[in-house]
Amino acid sequence: MSTIGIEVGAAPRRQQADALRLVFGHLEEPARSNTVASALAAAGQEAAPLAGLLLARQHDRVVGATWLQVLAGGAAVLWPPGTVPETPPEAARLLVEAAIVFARQQRATLVQAVLPRDVDSAPPSLLDAGFTHLADLRYMISTQESFPAERPETPLLFEPYADQNHPRLEAVLQATYRDTLDCPRISGLRSAQHVLAGYKATGSWDPGRWQLVRFEGDDVGCLLLTDHPADEYWELVYMGLMPSARGHGWGSDVVRHAQWMCCQAGRQRLVLAVDAANDPARGMYDRAGFWTWDERRIYLLSLPSESI
């Protein structure tokens, strides 16, 4: 793909580090170097390392790069193009177009772009490609000081995941999306099966960290946790209650149970992401001792079904 002397293609191995430094050029050191090193280390374990890392060249000079990171469950993350000074805007547009082509080839059904919270809008290269604002996310963390020392008292029961209860988990997950305040625009864009596949691929999965939440013999919600052993923290990937189970304060019970599980596993940090517009959830996490350590704006592109 080329125009006005700009060509876009996959980044060869010898230039992947330089390409990633362009992609993460918005980060300050040492965060940028650490992020690049982590991406390269993770790629070393993949069969097709950094296949979605794309370079733009103009007259054999590298002028920009972007990274389409394909995830499980039909999702992908696009790290917006980074370009060198005085690069024509056309380079960023071509990089995004090539990334979307790659997403279609990989059967992705939606692509999310992650931007700093302080930007007023996505760059033209994303808007022109059809990306629209999904949500502003707050990344929150709680530490051991906030964890309950004993198993919290609650009328809820927590049943660990097993293959035989997978259909129940799918049904519960789908039910928790009804009237949700957490990124409501994304609800229904993927099946529960695909969503769970994506969650399962996050961190180090263990069935004991996935829980069906029950009350008086009925499923009322779910709690999905994962471990990140390299960084020694747990992540609350998803929690939700069915509409009939809301309004009883049970969300706080689920969060406190998650903190207790994290503590029992010997991890001292539990992290999560929440829609900044979801005031009830934010208040619940505040009361549980979580605090915001970062914020991001998320833009979404939903790919038409005929592309998969």
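**Exercise 1.** In which strand is Ser142 found? Describe its surroundings.

*Solution.* This is a predicted model, where local features need pLDDT of at least 70, side-chain atom pairs count only at pLDDT 80 or more, and totals for chains, interfaces and linings use all residues. Residues are numbered from 1 along each chain as its sequence is written, and side-chain values use heavy atoms, with hydrogens and water left out.

- Step 1: Ser142 is found in strand 7, residues 132-143. Strands are DSSP runs of E, at least two residues; helices are runs of H or I, at least four, and both are numbered from the N terminus.
- Step 2: Ser142 counts as buried because its relative accessibility is 0%. Buried means under 20% relative accessible area, exposed over 50%, partly exposed in between (1.4 Å probe, protein chains only).
- Step 3: Contact means heavy atoms within 4.5 Å.

**Exercise 2.** Which elements do the buried residues of helix 8 pack against?

*Solution.* 

- Step 1: Within helix 8 (residues 279-287), the buried residues are Ala281, Arg282, Gly283, Met284 and Tyr285.
- Step 2: They pack against strand 7, strand 11 (233-241), helix 7 (250-264) and strand 12 (269-275).
- Step 3: Just after helix 8 comes Gly289, with a positive phi of about 95°.
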